[in-house]
Amino acid sequence: MKSPTDVVSGLILLGLCAVGAYSVSLLPPAGSTENVGPAGVPRAVLVILAVLSCVLLIKGLRQKPLKRYWPEPHVFKKVLLFLGLFYLYLITLTGLGDLFAAMENPPFTSGGAFGVSTFLFLLFTLPLLGRRKPLEIVLVAVLTTSALLTAFGWFFQVMLP
């Protein structure tokens with residue numbers, strides 16, 4: 001094993017793919033009027049992830065070992081901050097969804113919690129990832145949130161929180 005980081009990461013991702021495949025197998029089959037059932041997109045993503053995990057595993061077995069396996073302190077802090085923001089995003093998404101569902105007259109009918117949470121998540125994480133222009137950050141956050149709401153709410157007809 002020449003690059004233990006890549007080999008271990010590839011094995012962990014393959015394990016997660018196996019858990020995901022089991023979860024997807026529990027989804028109901030496609031209806032009589034549907035070509036692709038609820039398991040279609042997750043199954044496709046899992047296949048792509050499994051193939052890329054195998055590529056990473058093979059690359060790790062063939063590549064020369066790195067001298068340093070631990071990231072630099074500033075990179076490690078950014079990763080931890082990003083994970084914290086993502087966790088906060090998930091809490092905000094479910095919390096706002098529950099709040100809007102409990103309201104008698106919610107400000108958003110569908111996808112409001114998803115839209116607000118996703119917009120705020122992108123607004124805070126884009127500068128963390130190196131973006132510095134405020135107009136670019138706001139435009140990316142608005143356009144990405146709008147595209148996701150349109151894709152899942154209108155095209156896939158998924159009820160968003």
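**Exercise 1.** State which residues UniProt lists as "transmembrane region", then give the helix content over residues 79–102 and over residues 137–156.

*Solution.* The unreviewed UniProt entry lists residues 39–58, 79–102, 108–130 and 137–156 under this feature. The structure used to examine them is a predicted model. Over residues 137–156 the figures are 95% helix and 0% strand, with 27 Å between the end C-alpha atoms.

**Exercise 2.** Find the partner of Glu-136 in a salt bridge and classify the exposure of Glu-136 and of Arg-131.

*Solution.* The structure contains 1 salt bridge. Its side chains belong to Glu-136 and Arg-131, at an N to O distance of 3.6 Å.

**Exercise 3.** Identify the residues of the nonpolar surface patch and assign the patch to elements of the chain.

*Solution.* The patch is formed by Val-41, Val-45, Phe-152, Trp-154, Phe-155, Phe-156 and Val-158. Together these residues have about 730 Å² of accessible area. Two elements, helix H2 (40–62) and helix H5 (134–155), each give two or more residues to the patch. The most come from H5, which gives 3 residues. Val-158 is located in the segment after H5. Its relative accessible area is 36%, so Val-158 is partly exposed and passes the patch cut-off of over 30%.

Methods: Residues numbered from 1 in each chain as written. Predicted model: local features only at pLDDT ≥ 70, side-chain atom pairs only at ≥ 80, totals over all residues. Heavy atoms only, no water. UniProt positions renumbered as here; feature names shortened; annotations may be inferred. Helix = DSSP H or I, 4+ residues; strand = E, 2+ residues; numbered from the N terminus. Salt bridge = Lys/Arg side-chain N within 4 Å of Asp/Glu carboxyl O. Buried < 20%, exposed > 50% of the residue type's maximum accessible area, 1.4 Å probe, protein only. Patch = residues over 30% accessible without salt bridge, like charges linked within 9 Å, V, L, I, M, F, W, Y side chains within 5 Å. Areas by Shrake-Rupley, 256 points an atom, 1.4 Å probe, with all protein chains shown as cover.
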